[in-house]
Amino acid sequence: MQISDIRATPVSVPLEAPLRHANGCHWGRFVRTIVEVETDEGLVGLGEMGGGGESATAAFEGVKASLLGRDPARLEEMRFALANPTASLYNNRTQIVAALEFACLDLLGQRWGTPVSEILGGRLRDRVPFASYLFFRYPHPTRATGEVRTVEQLVSEARALKERHGFGAHKLKGGVFPPDYELECYRALARALPGDRFRFDPNGVWSTEQAIWFGQQIEDLRNDYLEDPVFGLHGLRRVREKVRMPLATNTVVVNFEQLAANALDTAVDVVLLDTTFWGGIRPCVKAAGVCETFQLGVAVHSSGELGIQLATMLHLGAVLPNLTFAADAHYHHLTDDVIEGGRMRYEGGALPVPSGPGLGVRLNREKLGTYHEEFRRLGPYPYDRDPRRPGWAPLVPNDRWADPTDGTTPEIPA
Ligand SMILES: [Mg+2]
């Protein structure tokens, strides 16, 4: 089997409402690039990458010449052809390699008639539990629905998600409002959902002292972990000395060098593996093996996925013996998907691992066309800008918090 063509299609898929985070906002939609790798036998493997537009399309066009005629089973060969570590100093293609790895594994699974999880060592579980991923949200720009800003709105959103999807673990994305306000929100969640588990993630924007203070205020709750309270391994080590709960990261342990540094002088207890950031599903399996050796925890990170990347997270979750935490997904904030059958459905807070050959998801071409048109109409959005505060940019550590009493709806093209 040989690779005969590669296509990249940017899409824009609507969210229920704009998601606020420490660096800005997802402006009411996710922009993703859907990658199709075709072979001389007519099979099509699917991949997905964050962001989109001309730059992503051009990036895949750019690597196409090096890949045509190659065997999709030669994944290590592809890694060195596109992203050998010293060349990557000048052209970091990790996320491109990740999307291509997804597609090649999908091809191999289809060709061999087996799910990707069986290629990766065989599944240990058929369902992967997820946490509800709670964001502060602006109201939808035209419908004015979906706002999450007040304590009452947050608690009611968490209760509704638990009711609808069955989540027993909840992650609150903070770093938006002053830490004392977010503490009030987090404690209210824990009070409203007794017996459930919680995790908090301010995306590394606090000072070390703020992080220690916040951590100490929540030590009595049922915390899975405190995620990226500060940015940097040294800051995390300082927080870890003074806060009695596991720390986690998806920002400062995202490659094997950093994983080695963390094993030798531990800064975080739990590493959130992201099939995109690490360059594919297989590097995540490898990293989980290192974590197993050093008795570090692993969890699954979400970088804002549609169904194709979600499938990669499910196959990963299925094969990790040391996955002891619910996975994260932005997925329940989406209103639709580009895969056949529409959005995957949670049952009891978990998603079934696809059982069809390859990744087990297929493209809905009509939806792909619709959301590609949406991308052409709306274009990309600035992930690190806040539509309510033009000209604003956060510091690290930050002190330019949003105002929790401001309930105005920002102008966002929709
Ligand atoms: Mg995070």
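I looked up the domains first: the assignment, which is automatic or from a database, gives domain 1 (3-116 + 366-378) and domain 2 (119-360). The model is predicted, so I note its limits: local features need pLDDT of at least 70, side-chain atom pairs count only at pLDDT 80 or more, and totals for chains, interfaces and linings use all residues. Residues are numbered from 1 along each chain as its sequence is written.

I then checked how the two domains sit. Their C-alpha centres lie 23 Å apart. I find 45 residues of domain 1 in contact with 44 residues of domain 2, contact meaning C-beta atoms, placed from the backbone, within 7 Å. On the domain 1 side, helix 3 gives the largest share, 12 residues; helices here are DSSP runs (H or I, at least four residues), numbered from the N terminus.

Next I looked up the largest nonpolar core, which has 120 residues. Such a core is a set of buried Ala, Val, Leu, Ile, Met, Phe, Trp, Tyr and Cys residues joined through C-beta atoms within 7 Å, buried meaning 20 or more other C-beta atoms within 10 Å of the residue's own. Helix 3 (residues 94-112) supplies its largest share, 11 residues.

Last, I took Val270, one of the residues with the most contacts inside the core. Leaving aside neighbours within four places in sequence, Val270 is in contact with residues including Tyr225, Pro246, Leu296 and Phe325.

Conventions
A residue is buried if 20 or more other C-beta atoms lie within 10 Å of its own, exposed if 12 or fewer, and partly exposed in between; C-beta atoms are placed from the backbone. Helices (H or I, at least four residues) and strands (E, at least two) are DSSP runs, numbered from the N terminus. Two residues are in contact if their C-beta atoms, placed from the backbone, lie within 7 Å.
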